[in-house]
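Me: I'm new to this one. Can you walk me through a few spots?
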Amino acid sequence: MTTDPGLTPAVPAARRRHRRTQLTPYLLVAPVFVAVIVALGYPLVRQIVMSFQEFGLRQQFGQAPEWVGLDNYRTVLSDPAMLRVLLRSIVFCLVCVVLTMVAGTALAVLMTVVSRWARLALQVALLFVWAMPVMVTVTVWQWLFDSRYGVVNWLLSHLGFTGMEGHAWTADPMGLFTVAALIVVWMSVPLVAFMSYAGLSQVPAEVMEAASLDGASAWRRFRSVMLPLALPVIMIVGLLQIVWDLRVFTQIYVLQQNGGSTDDTNLLGTAIYRLGIGQGDYGMASALATVVLILTLLLTWKYISTLVNQQKEAAAR
Amino acid sequence: MSTSTFSRTPHGGPSRTGPSPAAGSPAPAGRRKRRRRSRPVLNAIAVLAALVWVFPVYWMVNTALVPTSELFTLTPRFVPFPTSFEHFSGVLRDEKFWSALRMSAIVALVVVVLAVLFGFLAAVAVSRFRFRGRGALIMLVILVQMLPAEALFISQFRMLDDWNLLSSVPGLSLLCLGGIVPFTVWLLRGFIDGVPVELEEAAMVDGCSRVGAFFRVTLPLLGPGLVTSSVFAFLHTWNEYNLALIVMTKTDHATLPLWLRSFSSETSATDWGGVMAGSTLIAVPVIALFLSVHSRMGSGLVAGAVKG
């Protein structure tokens, strides 16, 4: 022991003070941490556990769940009906995302070129749509597409599509998906439009001016200068849309209730719901939900890691 | 305080950006001249797009105001004249509407208070302290935003069932809180970061304690941030349908979206006038709140994302 004995009492005191200041941030963070762990973390762990178990109606009446390894996953992923749901969800998601991104960025570009009053009109309209609660939105669209008194059928039949009079949209899968996709696109476009517009209007005026002096046409300036510079923002929004549209639930669930067979119209969200809450097969539903979760993580991994790196850089600064 | 940002928010709900009309790209003179010819056409397209997008909202209000006798005709009524308030009074006489309103209001109140309180504390920690695990916490906040709610509700249902919290205010509030509080942290952190620490340090030089400086200097400047995050927590809870559908299994514990659902499907021939009046009543407070925050947010959402 080479330490000077005279110094030793000072060390614990300093450490104590150090520990007290270190404790404060943890206390401040604790409530959020607990809330997230209880509301999301614990269910997540439990779901992963449940996906490896036989957990059906019998287990709800007290029987201990049986471990079945990967059986649930094997069943879910080899069931042709489930594969159809998976495929259908991916196609539905892609169609919605493409339509949303095209319409959203088109409106954003429009905002940059129109007069101020026209831009304001468009922005107010989009804000109204953005604020609408999901359930209200779906209900209003059901009314628009009502087979007998709906304004859409009235319009179509007056435009010369005589067959559309009294057409029951939600009765067949194609019609139901059309209406659902229209709802999803309609309500997602405002976010895309506003974020893309914010991205586009951040392109420095000097850069555009330079391109203009170099003789670039309006289209060329847009395609070669404005769009590439705003692309990071547009890409992020697009990625978010993919994640959200992959798991659309409310639109499909509500439209299914006045339509035909649910087997032909289930997407991932409603399939999980019907397996779990409907049929009480929690093991299978959990396995399917975990598949969706993994799919989401795979899709967003790059985005998340970029965000995390940005955070690390910011923290290091 | 509008310098505060919540850039690159990975959130689901109505994340806001408010490009103010003045933020439009100032056109160089040459471009402006060339553009003038096509401008009326573009303006017309913009107005047309605005009309297309706003039409369903208009149709909701219109239907709610058209008398029933005029509603179910083969030619739609495009303007609500003569006006009738029968649908609204019908909804307001409905006992179930009031009980759903109470339920929605209570859950929203609980979630707003807890989310803003918890979120504020955590945001202070992340913004004003350097501590071990801070990076992990930020990562957690980002990851949670990505978690699909639809992929979790089975086990959330099982969990609340075990704890006897189905059809209860604490049960639904807990799940809504877990969903929104990470976003609240994210949002408030941006606002707190926007207040320079130097202001607090100046107050400490003048004799304030660290806590005193925070409460006297920084907190009063955070008003807009607290209001904004309250509004988002409110919107998130008020609009929530999926979780309410799973958790509120008893019909007399329905929230407003659940009430609207049962209201429109309980009879075979839907009373569309009443349903649209109910929809209007649910949507109007939300739209009003949303428009009020919109002007507050500034265009911070993607600030710096382009310039790097």
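Me: Where is Asn164(B) found?
Reply: Asn164(B) sits in the loop between α7 (153-162) and α8 of chain B. Helices here are DSSP runs (H or I, at least four residues), strands are E runs of at least two, and both are numbered from the N terminus.
Me: And what is phi of Asn164(B) near?
Reply: Phi is near 55° for Asn164(B), a positive value in a residue other than glycine.
Me: What am I looking at, and how is it numbered?
Reply: This is a predicted model, where local features need pLDDT of at least 70, side-chain atom pairs count only at pLDDT 80 or more, and totals for chains, interfaces and linings use all residues. Residues are numbered from 1 along each chain as its sequence is written, chains are lettered from A and ligands numbered from 1 in the order in which they are written, and side-chain values use heavy atoms, with hydrogens and water left out.
Me: Back to α8(B). At what angle do α6(B) and α8(B) cross?
Reply: Roughly 130°, and the axes of α6 (residues 134-146) and α8 (residues 169-193) of chain B come within 9 Å. Axes are lines fitted to C-alpha atoms, for helices over the stretch in contact, with angles from 0 to 180 degrees between N-to-C directions.
Me: What does that make α6(B) relative to α8(B)?
Reply: That angle makes α6(B) oblique to α8(B). Under 35 degrees counts as roughly parallel, over 145 as roughly antiparallel, 65 to 115 as roughly perpendicular, and the rest as oblique.
Me: Which residues make the contact?
Reply: On α6(B), they include Ile138(B) and Val141(B); on α8(B), Phe183(B) and Trp186(B) are among them. Contact means heavy atoms within 4.5 Å.
Me: How about α9(B) and α10(B)?
Reply: The axes of α9 (residues 197-205) and α10 (residues 210-221) of chain B come within 9 Å and cross at roughly 135°. So α9(B) and α10(B) are oblique to each other. Leu199(B) and Met204(B) of α9(B) are among the contact residues, as are Phe214(B) and Leu221(B) of α10(B).
Me: New topic. How is chain A divided?
Reply: Into domain 1 (5-50) and domain 2 (83-316). The bounds come from an automatic or database domain assignment.
Me: How many residues of each are in contact?
Reply: In chain A, 4 residues of domain 1 are in contact with 6 of domain 2. The centres of these two domains, taken over C-alpha atoms, are 40 Å apart.
Me: Last one, chain B again. Is the Phe81(B) to Pro82(B) peptide bond cis or trans?
Reply: Cis, with omega near 0°. Pro82(B) lies in the loop between α3 (68-71) and α4 (86-93) of chain B.
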